[in-house]
Amino acid sequence: MSAKVLTITSGKGGVGKTTATANIGAALAKRGQKVACIDADIGLRNLDVVMGLENRIVYDLVDAVEGRCRLNQAMIKDKYIPGLYLIPSAQTRDKTAVSPSDMIRLCNELRSDLDWILIDSPAGIERGFKNAIAPADEVLVITNPEVSAVRDADRIIGIVEAEEKGSPRLLLNRLNPEMVKQNNMLSADDVVDLLAIHLLGIIPEDKAVLISTNKGTPIALDEKSLAGQAYRNIAQRLLGEDVPLLDLDKGSGFFNRISSVFGSGEK
Amino acid sequence: MQAQEIEVKGIKNGILVEVKNGDWKTQEKAVLQHIDQNQGFFEGARLVVDVGNRALKSPDLASLRNALSDREIKLWAVLSTSLVTERASQDLGLAIKVDQSMPEPEEDSINSLLEGDEAVFLKRTLRSGHKVKHPGHIVVLGDVNPGAELVAGGNIIVWGKLRGMVHAGAMGDTEAVVCSLDLSPTQIRIADKISVSPPKKGKARPEIAQLEDGQVTARDWSKFTKE
């Protein structure tokens, strides 16, 4: 096994990086993949809360980097899904506690017995972000259908391309089909038109997501939720399967809409 | 366009100004005058000044530094073959050696300067945070997204959607034009005139913008070519 390192980033804060990391991780693990989620937001850790593993933390990322524990001691097993692990970040340190080369070393050490390493990047374009993308094989840029979030995503894509990480893929989070219909929200076409990268998936706006993150149970495990379905589809696409985008207008798990924009790009 | 005794060159991470022989005070004035005439081009730049073999003292350099910072330009380094000048520069915390190689056009912040009336050609999407500055013309094959900036001494042609900030004729050329397949810049500047694009109706059509009676005016390309 040699794991693929996928970094989830956005530039702007609050667009859903952590939620996406937890859910993609859960959906991949549910399909039998061995996954480690790394929280790279040192000083503002969240991923442990969203995954519901807060009370199990003994060692963290910084402990592992600074050699106070073995790497597998910092890996927390998920409560629900076998094969899913979390490496939490430290709450009492800051971004400078870890360097990009530390992250590369850490991921290389982990690679051999995992299928996926998901890195939850902090917001911004500074040190923490640099740490998060340094080991990435692929970058997933997440944005909301909101002008400011799209602007930041554009900046991030530019930086990722300049770092020669290849063209990132896009995850559009919190799309509200009703508002798009009323011309009150950017549509997926508008966003893809501006950012001009491959769209990996669209997560519809769904109250159940907030409830699930508060409870620490990933929405991706909820068979009835449309957002959960969207995350499961994303996991399948990451595994190379050809799954069409959800038809969000139908309100349930129907999928048959492929517009010209969505169909384009590699894979 | 330039005063005889001043030579301006683009280098990695900044702009190099070579000051030729002659009385320092006169030359300093000439440099500042040149900068004032080409404000848009120098604004926000990191400047390296090569003073040759002149022996300058700290107060001379400090006064230059202050005059530059009044113009929003950072004096980065002073190059000189004189030990006195080097010592004075170091006292002021200025660099005395810089990488003088040409900038690479593929950098995140592209600051490419070529001599003369040439054009740079960029086949890529310019995203938020990208900045291209060039004394000649700029041609982009791709989109210019909001948050990106193009500053040209000459004309700007964007074969794609133009939604960022553009400044054509940044060194004062009022004849400069901006053309795009979809001309909807956040802000458009030609020479010293600034304007925002009015909201658009209907499908995007290729347009050309230029100064007419001191106003930035955009016209449909198809109508423009028939005139």
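1. Let me start with a pair in chain B: B:Lys9 sits across from B:Leu16, which belongs to β2(B). The strands in question, β1(B) and β2 (residues 14–19) of chain B, run antiparallel and are joined by six bridges. Keep in mind throughout that this is a predicted model.

2. Zooming out from that pair, we get an open sheet of four strands in chain B, with the order β1-β2-β3-β4 and mixed pairing. Its edges are β1 (6–11) and β4 (74–79) of chain B, each of which pairs on one side only. On average, neighbouring strands in this sheet are turned by 25° against each other, if you ignore direction.

3. A helix goes with this sheet. Helix α3 (residues 58–70) of chain B lies across β3 (46–50) and β4 of chain B, and runs at about 145° to β4(B).

4. Further along chain B there's a hairpin, made by β15(B) and β16(B) with two residues between them. Strand β15 (residues 207–212) and strand β16 (residues 215–220) of chain B run antiparallel, with six bridges joining them. One facing pair to pick out is B:Gln210 and B:Thr217, the latter in β16(B).

5. Next, B:Gln187, which is in strand β13 (residues 187–190) of chain B. Buried or exposed, or in between? B:Gln187 counts as partly exposed because 14 other C-beta atoms lie within 10 Å, while buried would take 20 or more and exposed 12 or fewer. Not counting residues up to four places away in sequence, B:Gln187 touches B:Met165, B:Ile194 and B:Val196. B:Val166 is 21 residues away from B:Gln187 in sequence, yet their C-alpha atoms are 6.5 Å apart in space.

6. Now the cores. The largest nonpolar core has 89 residues, and those with the most contacts inside it are A:Val35, A:Leu61, A:Ile117, A:Leu118, A:Leu195 and A:Tyr231. Leaving out neighbours within four places in sequence, A:Leu195 is in contact with A:Val150, A:Ala153, A:Asp154, A:Ile157 and A:Leu170. Another core, of 52 residues, lies apart from that one, and B:Leu79, B:Ala88, B:Val144 and B:Val178 are among its members.

7. Last, where the chains meet. How many residues does each chain bring to the contact? Chain B supplies ten residues and chain A nine residues. Sorted by class, the chain B side that touches chain A has six polar, three charged and one nonpolar.

How values were computed
Residues numbered from 1 in each chain as written. Chains lettered and ligands numbered in written order. Predicted model: local features only at pLDDT ≥ 70, side-chain atom pairs only at ≥ 80, totals over all residues. Core = buried A, V, L, I, M, F, W, Y, C linked by C-beta atoms within 7 Å. Contact = placed C-beta atoms within 7 Å. Pairing = 2+ DSSP bridges. Nonpolar A, V, L, I, M, F, W, Y, C, P; charged D, E, K, R; others polar. Axes fitted to C-alpha atoms, helices over the stretch in contact; angles between N-to-C directions.
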